[in-house]
Amino acid sequence: MKSTNAVTVVGSVALDDLKLPTGNFDNVVGGAATFASLAVSLFARALMVGVVGTDFPESVLSDLKQRGVDTSGVLRTSGKTFKWVGKYAANLASRETLDTQLNVFADFRPTLPATYRQAQYVLLGNIHPALQTDVLGQVEKPKFVAADTMNLWIDIERAALGRVLEKIDCLIINDEELRQLAGVHNIRLAARIVRGLGPRVLICKRGEYGALLFDDQGVAFVPAFPLETELDPTGAGDSFAGALLGRLAELDRFDHTALRDALGYATAVASFCVEGVGTQRLLAVTRESVDERLAAIRALAG
Ligand code: AMP
């Protein structure tokens with residue numbers, strides 16, 4: 001039975017244009033908050049914060065509600081929905097941002113519904129760090145706060161990102177971004193430097209090479225699940241972060257053992273995300289299949 005604990009999730013809500021090896025897909029529903037909330041909802045209540053424009057289909061918000069995501073914190077306003085245009089390499093391992101259109105996110109100042117303010121778990125998904133700080137400031141007494149970010153904000157908003165780092169318990173970041181943020185190449189050293197900026201826990205995502213957890217107990221590793229079908233990695237990082245926070249909220253613990261457990265679930269849920277274009281696969285996945293995949297991941301090594 002899914003926990004009644006809740007995770008407040010902020011991040012982009014998007015209509016992406018994706019240039020994948022299998023073809024071009026326009027106006028695909030995406031965004032950090034969308035993927036993360038869907039992933040949270042496999043484990044705990046997701047309280048989604050974001051903004052959409054008049055072009056965003058109402059049916060998508062109904063689908064999210066159907067999956068147990070509270071969308072009362074998603075504002076609809078006049079203008080166009082956030083758009084990311086991304087082009088993937090033939091092997092899907094790297095991608096290039098062709099365009100980022102903030103649109104309705106440019107002036108978005110959220111006011112969280114009362115239930116959202118009481119959440120004990122918070123995921124500051126990828127979006128402008130000032131917006132992450134704004135949302136965190138409205139949550140009354142969170143027990144555990146995690147954040148994600150990306151190269152764009154490390155490049156252009158480092159001071160604002162620094163203020164986020166000071167306030168969070170956990171940073172979830174990919175290896176390239178970790179190196180960029182720390183200014184060193186060695187991952188272990190980079191993790192130490194970034195933990196020194198605030199977060200007690202650092203989780204480094206390494207795509208098909210798995211994920212590393214750094215905390216006071218040292219370092220732990222979970223391998224990625226080798227997939228036969230890889231269609232679209234968009235949102236894998238956000239689903240990973242959502243599943244991690246969802247599982248911690250379900251356990252209502254965030255000690256080293258709980259973090260290791262949640263890291264496995266995060267890896268399992270992210271692997272499903274890659275099997276479909278946009279949110280397609282995540283919208284259909286069940287908790288039972290996530291548990292089965294986790295068992296397969298645990299059986300991989302030794
Ligand atoms: P991921 O593949 O997990 O890194 O997340 C992909 C999602 O991030 C896409 O659906 C995009 O809409 C969203 N995204 C891309 N760039 C940004 C940005 N600068 N701010 C917020 N969200 C973004």
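**Entry 1: the ligand**

I began at the ligand and found one of its oxygen atoms 2.8 Å from a polar backbone atom of G31, which I read as a polar contact (a pair of N or O atoms within 3.5 Å; within protein, one must be able to donate a hydrogen and the other to accept it, and residues adjacent in sequence count only if both atoms are side-chain atoms). I noted that this is a predicted model, in which local features need pLDDT of at least 70 and side-chain atom pairs count only at pLDDT 80 or more, while totals for chains, interfaces and linings use all residues. I also noted that residues are numbered from 1 along each chain as its sequence is written, and that side-chain values use heavy atoms, with hydrogens and water left out.

The largest share, three residues, comes from α9. There are 21 residues around the ligand, and S12, D16, G31, G235 and D238 come nearest, where a residue is near if one of its heavy atoms lies within 4 Å. By kind, I counted ten nonpolar, eight polar and three charged residues in the shell (Ala, Val, Leu, Ile, Met, Phe, Trp, Tyr, Cys and Pro are nonpolar, Asp, Glu, Lys and Arg charged, and the others, Gly among them, polar).

**Entry 2: helix α6**

I turned to α6, residues 158–167, where A160, L161, V164 and L165 are buried (buried means under 20% relative accessible area, exposed over 50%, partly exposed in between, with a 1.4 Å probe and protein chains only). Seen down the axis of α6, these buried residues fall within an arc of 145°, so they line one face of the helix; the arc is that of the directions from the helix axis to the C-beta atoms. A159 and E166, on the other side of α6, are exposed. The buried residues pack against several elements, among them β8 (121–124), α4 (129–138) and α7 (175–182), with contact meaning heavy atoms within 4.5 Å.

**Entry 3: three single residues**

I found T81 in the loop between β5 (69–76) and β6 (83–88), and at 2% relative accessibility T81 counts as buried. Its side chain makes a polar contact of 2.6 Å with the side chain of D55.

R293 sits in helix α12, residues 287–298, and is buried, with a relative accessible area of 13%. I saw a polar contact of 3.1 Å between the side chains of R293 and E275.

Last, I looked up L231, in the loop between β13 (218–222) and α9, which at 28% relative accessibility counts as partly exposed. L231 and P21 are 210 residues apart in sequence, yet 8.4 Å apart in space, C-alpha to C-alpha. Not counting residues up to four places away in sequence, L231 touches residues including L20, T22, L92 and E275.

Definitions and conventions:
Helix = DSSP H or I, 4+ residues; strand = E, 2+ residues; numbered from the N terminus.
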